[in-house]
Structure formats: C-alpha cells, structure tokens
Amino acid sequence: QVQLVESGGGLVQPGGSLRLSCAASGSIFSIYAMGWYRQAPGKQRELVADIPSGGSTNYADSVKGRFTISRDNAKNTLYLQMNSLEPEDTAVYYCNAEGMATDWRKFNSWGQGTQVTVSS
C-alpha cells in the first residue's frame, strides 16, 4: 500500500507564495508519474501540473509562469512552488502518484489534500 501525505498549505495574501510538499511512503518499487490537482468549492477536480519520471513537466494554462512542479526521486517527494498567487487559486490541492508496488501491482494513490486559501 502506498500513502501520500501533503503539507504546506495555508492562508496567503494575493501575490504571495506557498510551497506544497507531498511525501510518498509504503510498498513502493517505482513511481512513474506524480502530479498536483486541485478542487475549488462547487467545481470539478482539475490538473494543476504533473511530472513523469523522465522529468518533463505539464502545466494547466492558468498556472503557467507562476507555479513550478518538481520531484526528488530519491526521497519520493513531490513539490509545487506557487508564486503570484491569486484568489482563483483557492482550492484543496491533492497529490497523485502512479507507479509499481513491491508486489508488482500498479498503484494510483491520492493524498488527503491540503487547503490553499488566497485572500486579503
């Protein structure tokens, strides 16, 4: 079983910055791809950014140039640096990881979510 734990959310003023972290643990053999998603009240969950094991990145148009996703493969940890935050970025942010467990079964795991609120 693979667990993901997010941290780093909070309340920030417009224009501010936050850094989210997501630590993966458990029966991990290999992680193929990791990503950040978010869900605002009354809206569907959407992709914010993702990064496969090869290192190329993909961003939602709404966050390009403001957010940066990165991962530390040695620590099985995913990061999201969020700059120039806007009230529209307010949401619960979720971490996702896909990979292979030590029992040779594929996994697709989600974290519990961390609240990001952008408000003055």
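Student: Which pattern does the protein chain follow when read along the sequence?

Tutor: This is a predicted model, in which local features need pLDDT of at least 70 and side-chain atom pairs count only at pLDDT 80 or more, while totals for chains, interfaces and linings use all residues. Residues are numbered from 1 along each chain as its sequence is written, and side-chain values use heavy atoms, with hydrogens and water left out. Helices (H or I, at least four residues) and strands (E, at least two) are DSSP runs numbered from the N terminus, and the protein chain has zero helices and eleven strands. Read along the sequence, the pattern is β-β-β-β-β-β-β-β-β-β-β.

Student: What radius of gyration does the protein chain have, and why does it agree with a compact globule?

Tutor: The radius is taken over C-alpha atoms, and the globule rule is 2.2 Å times the number of residues to the power 0.38. Along the principal axes, the C-alpha atoms fill a box of roughly 50 × 25 × 25 Å. Because a compact globule of 120 residues would have a radius of gyration near 14 Å, there is agreement with the protein chain's value, 14 Å.

Student: Which strands stand at the edges of the open sheet of four strands, and why is one side of each left without a neighbour?

Tutor: Two strands pair if DSSP finds at least two bridges between them, and the order in this open sheet is E1-E3-E8-E7, with antiparallel pairing. Each edge strand has a single partner strand, so one side of it has no neighbour in the sheet; the edge strands are E1 (2-7) and E7 (67-72).

Student: In E8, which residue is the bridge partner of Arg19?

Tutor: Strand E3 (residues 18-26) and E8 run antiparallel and are joined by six bridges. In E8, the partner of Arg19 is Gln81.

Student: Is Asp89 buried or exposed?

Tutor: Asp89 lies in the loop between strand E8 (77-82) and strand E9 (91-101). Buried means under 20% relative accessible area, exposed over 50%, and partly exposed in between, with a 1.4 Å probe and protein chains only. Because its relative accessibility is 1%, Asp89 counts as buried.

Student: Which side chain is joined to that of Asp89 by a polar contact of 3.0 Å?

Tutor: Contact means heavy atoms within 4.5 Å, and, leaving aside neighbours within four places in sequence, Asp89 is in contact with residues including Arg66, Phe67 and Ser84. A polar contact is a pair of N or O atoms within 3.5 Å; within protein, one must be able to donate a hydrogen and the other to accept it, and residues adjacent in sequence count only if both atoms are side-chain atoms. The side chain that makes the 3.0 Å polar contact with Asp89 is that of Arg38.
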